Amino acid sequence: MSNDNTKSQSTDPIVKMDKLNKHFGTLHVLKDVDLDVTPGEVVVIIGASGSGKSTLIRCINGLEEFQSGSLEVDGKELLPHGKATKALQTIRTEVGMVFQQFNLFPHMTVLDNVTLAPMKVRGASRDEAEKTAERLLERVGIADQARKHPTQLSGGQQQRVALARALAMEPRLMLFDEPTSALDPEMIGEVLDAMRELAREGMTMVIVTHEMTFAREVADRVIYIHSGEIVEQGSPDDVFDNPQNERTQSFLARVLTH
């Protein structure tokens, strides 16, 4: 287990997903997915490319619509077929997300990238937003890069800016969609270190990753998804050392030997 007694004691799930189904045309991408995430929990989703991992977490903040089933995030319901509700806007302010690509504004400084959303969405003053941004950039280890533009940074530094930007909205939940997959190998560690620190601090996190050592270290629960279905889940020791499903065994045999 990655986390200590600083975790929240609340047992009410911050994510409640029941029999969720997602289609892209005739392709059935998510099949009757059930998933609860409790506050303070770190859930890591693993699986082969194309298994539905990224689609699953993108449904949580409404970036992908689903066709049937139910989904609540922090007590607010998302509706099938992308039906607009006030809940969706609220959820997007309470759920931070870090993508494979950094999606930073290249014409803005690092500091301005981090302060933009709190000022525009939360109505923070520039002074307040900049103090928060400076604290968060310090937290992810790049306070000295605040006045630079993204193109002047390494990929690992840019991804840490993206992390600080997401944290600036004071999210209740953080989603990570393969945040290190676009990075050179020597830059992966610095991003994972920042995520480890979040886990230690008790941030609720759902992480899609191919980094199995990292998954074993930080996860409270590991979920293996195959062809849009949750095939197996449990503690890192259970899933990595004693997988019960043949598909999980086959997947881990492939990825853990490389």
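Strand β3 (residues 42–46) and β9 run parallel and are joined by four bridges, where strands are DSSP runs of E of at least two residues, numbered from the N terminus, and two of them pair if DSSP finds at least two bridges between them. This is a predicted model, in which local features need pLDDT of at least 70, side-chain atom pairs count only at pLDDT 80 or more, and totals for chains, interfaces and linings use all residues. Residues are numbered from 1 along each chain as its sequence is written, and side-chain values use heavy atoms, with hydrogens and water left out.

**Strand β9 and its partners**
- Within the pairing of β3 with β9, I46 has Y224 of β9 as its bridge partner.
- On β9 there is also an antiparallel pairing, with five bridges to strand β10 (residues 229–234), and here V222 is partnered by G234 of β10.
- β9 and β10 form a hairpin with two residues between them, and S227 in the turn has a positive phi of about 50°.
- Five of the six residues of β9 (residues 221–226) are buried, that is, under 20% relative accessible area with a 1.4 Å probe and protein chains only.

**Residue classes in the pocket linings**
- The lining of the largest pocket holds twelve nonpolar, five polar and three charged residues, whereas that of the second largest pocket holds four nonpolar, ten polar and two charged.
- In these classes Ala, Val, Leu, Ile, Met, Phe, Trp, Tyr, Cys and Pro count as nonpolar, Asp, Glu, Lys and Arg as charged, and the others, Gly among them, as polar.

Terms used
Buried < 20%, exposed > 50% of the residue type's maximum accessible area, 1.4 Å probe, protein only.
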